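Hi everyone, thanks for coming. Let's take a few minutes to walk through this one together, starting with how its pieces pack.

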Amino acid sequence: MSPGKQASGGAAAPMAAGARLEAMRRRVRLSRVAVWTVIGAGPIALAVAIASTPTTGEAATSPEPTAAVRSTAVAADPAGYAQLFVHAWLRSSTDDTTSAEARLAHSMAPDVELPDPAARAQSTPASVTAVRSAQRAGGAWSVTVAAQYADGTVRYYAVPVAADSAGASFSVTGAPGVVAGPGRAEVAQSPYDVTVPDGDLASGAGEFLTAYLTGAGEVDRYLAPGVQVTTASASHFSSVSVQQVLAIEETAAAEQIPADGTRVHVLAQVEARDALGRWPLGYELALTARSGRWEVSALESGTTQDGGPR
């Protein structure tokens, strides 16, 4: 390349850069003039001017912040662990520390002494069930376990349990204590206070529950469109009869089926029979009026899929 061309190219670059710098300065001056001009026009104009003022390239291209993912650690309830310990502890004895129950109890609570039941005493419970858990500070828990015996008596034990921070490991930290069982809670008045007379609604609920519990007939014929209910096939009662139907809405007591889309909630008390005896059962149902009939839109006492609110 000739020296003349090199000189020409070298001069063009700074001239172009200077032109761009001057253009940027001019835009900044114009923006400042526009802002000071609209200040006198009022706050609304000022807001518009600020919103339209160019921002720096760094601010314009900065990525939007991503939403922070929050995870809350859920403490694992050691109720099952305490239940297993009491089950083994009550079936063990200091007279036989090598039994499977004694070894299990000792592995779960090495510092807890085994019981020493009297000869021919009713020491082995028929069932052991955890009925209440209370979390305390520092990973400590108190689990109340009920032991029911063959004669119907129940004894409650409070078991101290420690859990690690991840809720993956537990340890019984002391001997169980015999305590009073949970009291009976006050029950709110039932919202089902409207008596449903014999009619389309009561018979529709009864026919659905008969098909649901006996397996005789098709359950789907009683369901609203889009509702799916899995039958209680394991039960297969021989017969089902409706004893009483109560509702929340006054509409359920009307003699005529209301307009399509009307929804009511009922509690159906039924009597089911099988080879083992007679069983009084209760079911909460939601039914919706459609085409002059009542259709089950939710089995709220059981499992409903794609069938509206539970």
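When I say that two residues touch, or that something packs against something else, I mean contact in the sense of heavy atoms within 4.5 Å. A word on the ground rules: this is a predicted model, where local features need pLDDT of at least 70, side-chain atom pairs count only at pLDDT 80 or more, and totals for chains, interfaces and linings use all residues. Residues are numbered from 1 along each chain as its sequence is written, and side-chain values use heavy atoms, with hydrogens and water left out.

So, what does Tyr283 touch? Leaving aside residues up to four places away in sequence, its contacts are Leu209, Tyr212, Leu213, Val266, Leu267, Ala268, Val270, Leu299 and Ser301.

Tyr283 is also one of the residues with the most contacts inside the largest nonpolar core, which has 33 residues. By nonpolar core I mean a set of buried Ala, Val, Leu, Ile, Met, Phe, Trp, Tyr and Cys residues joined through side-chain atoms within 4.5 Å. Buried is under 20% relative accessible area, exposed is over 50%, and partly exposed is in between, with a 1.4 Å probe and protein chains only. The elements giving two or more residues to this core are α6 (200-214), β8, β9, β10 and β11 (293-299). Helices (H or I, at least four residues) and strands (E, at least two) are DSSP runs, numbered from the N terminus. The largest share, 8 residues, comes from α6. Apart from this core lies another, of 24 residues, including Val145 and Tyr149.

Now the strands, which count as paired if DSSP finds at least two bridges between them. β8 (239-247) and β9 (263-274) run antiparallel, joined by 8 bridges, and Ala247 stands opposite Val266. β9 also runs antiparallel to β10 (277-290), with 12 bridges; the two form a hairpin with 2 residues between them.

Over to helix α5 (100-108), where Ala102, Ala105 and Met108 are buried. They cover an arc of only 135° around the axis, so they sit on the same side of α5; the arc is that of the directions from the helix axis to the C-beta atoms. Arg103 and Ser107, on the other side, are exposed. The buried residues pack against α4 (79-90) and β4 (170-172).
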